[in-house]
Amino acid sequence: SSDFEYKHCNISETRELQELLSNISSDNMNEVHDAVIPFLQNETSAHQFFLSLKNIITYRPLLYHHYCHLLSTISNEIKSISNTQFERKIIVMFKHEFKLLLTLNELGILDIENIIDNSLCPFESNQNLKKYFYPEIIKKQPDYFLKYRKYEGMFLFLTLNLDGGIDHIEKRKKGMNENLICQYIINDDFDNFLQFVNQNVIDLNSPVPFSLFESSEFISNDMHFIEYAAFYGAEKIFKYLIKIDCVNIRQKTLNAAIIGGNYEIIHLLEDKNIPMKKDCLYDAVKSHRNEIVNYILDNNYQSIFLSEDVLDDLIPFYNLDFISNTAEFLVSDEYEKKDCKNFLNSALFVACENNFADVVDFLLSFNGFSNVNFKYSFFYDMTLLHKAALSHKIEVVKVLLNHKGINSSLTDSSILIILFLNNI
C-alpha cells in the first residue's frame, strides 16, 4: 500500500496557495513562503506549486519581483528535490517566462545546458528564449550562435551584442519593455506619456513595439496601446485614450482589462457598450481573476453560463477555485442536467490528460463524476484507468487504483491493436 500513497497535496491546500500567489506582496511574503514549503517535499507536489505559479505569473508581470524573491527564499528546498528530469520539465513549462527562468538559473536551480538543449526548446521556434540568455550561452559555448546567423533578425541581434551583452543584461534587470512609451504606460505616468505623444508622431492604433524583455507572454504582436494600458491597469492613461475618437476600442480591449483586473477600466468599457462575451469569462479564469469571474457570473450576461463543456475547456488552466466551485454547481439542484447519466465524466478525462491527480481525486468525490469505469467512445472505448496507464500518468493511476469500485482489469489486445493501427 505504501507504493500507492498520494504524493500530491490536497486540492484545498493548492487552492489556498493559488489565492496567496495571486495576491502576493511584500506584506504577505512570509505567509506565502510558509504556504509553499509543504509543496516542496517531493517532485509531484512541487509540480503543483510550479503549475500554479505558471498560470498566475503569466498575467501579473508587475508582481514579477515578488515571485522572484519568493523563489530565492525557497531555493534550497527546490534544490533538495530537483533532478535532471524535473529541471527539464520546469524549462518546458516556463519557456515563455524568460525572467523566471533567469532567476532559477541565477539561483543555481536550472543549468544553462538544458536551456541550450534544442530537444527541449528548438532554436527555430524559441529564438527569443535563446537571445534572452545570450550572455550565459556565449560564456558556455562561444560559437553557439554562429550557425544561426542566417535566421531573420539574428545577424542584427548579434551585431548589437558585440560588447558581450552588457546593455542586454541591464535591460533584463529592469524586466520591462525598453520603449519609452511602453514604460510610461506600465507606470501609468500620464504627464510623460502625454508629452511623448505630443512631441512624436505616434499612431495610437499601431501595435505595441516588440520587446525581448517584456515579462508577459500575453503581450501579442497585435496589441494596441489602449489594450496595453488596460492590461497593465494604467487607469489615467486609459481614461485619456478612451476619450480620443480616433482610438479603436476593440473587443480584445475588454479582454485585456479583465486580465489586468482593474474594475474601473472594465466599467468604462461596459459604458461604451463593449459586450461581455464567453471568452471574457475564459480569460478571467485563465488569469485567476476569481473576483471578476464571480462578477461576470453574478451579472447574468447573455450567453455566459456554466456548463460541463465550460468546465472541460478550463480545467487545463488549473484554476482550482473555479474548478471547485463549478463542480459543486454542476452537481447541485440548481443545474438542470445534473441527473443525466455520465454527463460529467469528460471532466475526469480532461484532468487525466493534463496529469492533474489532485483534480481527478477531487472530482471523484462527487456522485456526478463517480462512474470511474465509464468507457470513452472518443478514445477507443477505453476507461480512465486505461488512458492514465497508457499515457504514463502515474499519480492519476494511483488515485484511480485507490478509488472504490475501480475495475483494474487490463485492456484487451483488440484495443491495443486498434491503437497500433492508428499510429497511437
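At what angle do the axes of helix α17 (residues 251-260) and helix α18 (residues 263-271) cross? The close-up views below come from a predicted model, and the first one takes up this pair.

**View A. Helices α17 and α18 cross at roughly 160°.** Their axes come within 8 Å. Angles over 145 degrees count as roughly antiparallel, so α17 is roughly antiparallel to α18. The crossing of the two helices is left-handed. To find the contact, look on α17 for T253, L254, A257 and I258, which meet I265, I266 and L269 of α18. Sorted by class, this contact holds six nonpolar residues and one polar residue, with no charged ones.

**View B. Helices α19 and α20 meet through nonpolar residues.** Here the axes of α19 (residues 278-286) and α20 (residues 290-298) come within 8 Å and cross at roughly 155°. That angle makes α19 roughly antiparallel to α20. The crossing of α19 with α20 is left-handed. On the α19 side you will find C280, L281, A284 and V285, and these meet I292, V293, I296 and L297 in α20. The contact comprises eight nonpolar residues, with no polar and no charged ones.

**View C. A cavity is lined by residues that include Y64 and S215.** The count comes to one cavity of 30 Å³ or more, and the largest cavity has a volume of about 50 Å³. Its lining consists of Y64, H96, E97, F98, K99, Y132, G175, F213, E214 and S215. How do the residues of this lining divide by class? Four are nonpolar, three are polar and three are charged.

Note on methods. Residues numbered from 1 in each chain as written. Predicted model: local features only at pLDDT ≥ 70, side-chain atom pairs only at ≥ 80, totals over all residues. Heavy atoms only, no water. Axes fitted to C-alpha atoms, helices over the stretch in contact; angles between N-to-C directions. Helix = DSSP H or I, 4+ residues; strand = E, 2+ residues; numbered from the N terminus. Parallel < 35°, antiparallel > 145°, perpendicular 65-115°, else oblique. Left-handed = near helix turned anticlockwise from the far one by under 90°. Contact = heavy atoms within 4.5 Å. Nonpolar A, V, L, I, M, F, W, Y, C, P; charged D, E, K, R; others polar. 1 Å grid on protein atoms, 1.4 Å probe; cavity = no way out; pocket = protein on both sides within 12 Å on 5 of 7 lines; lining within 4 Å. Points joined across faces, edges and corners; volume = space filled by probe spheres on them.
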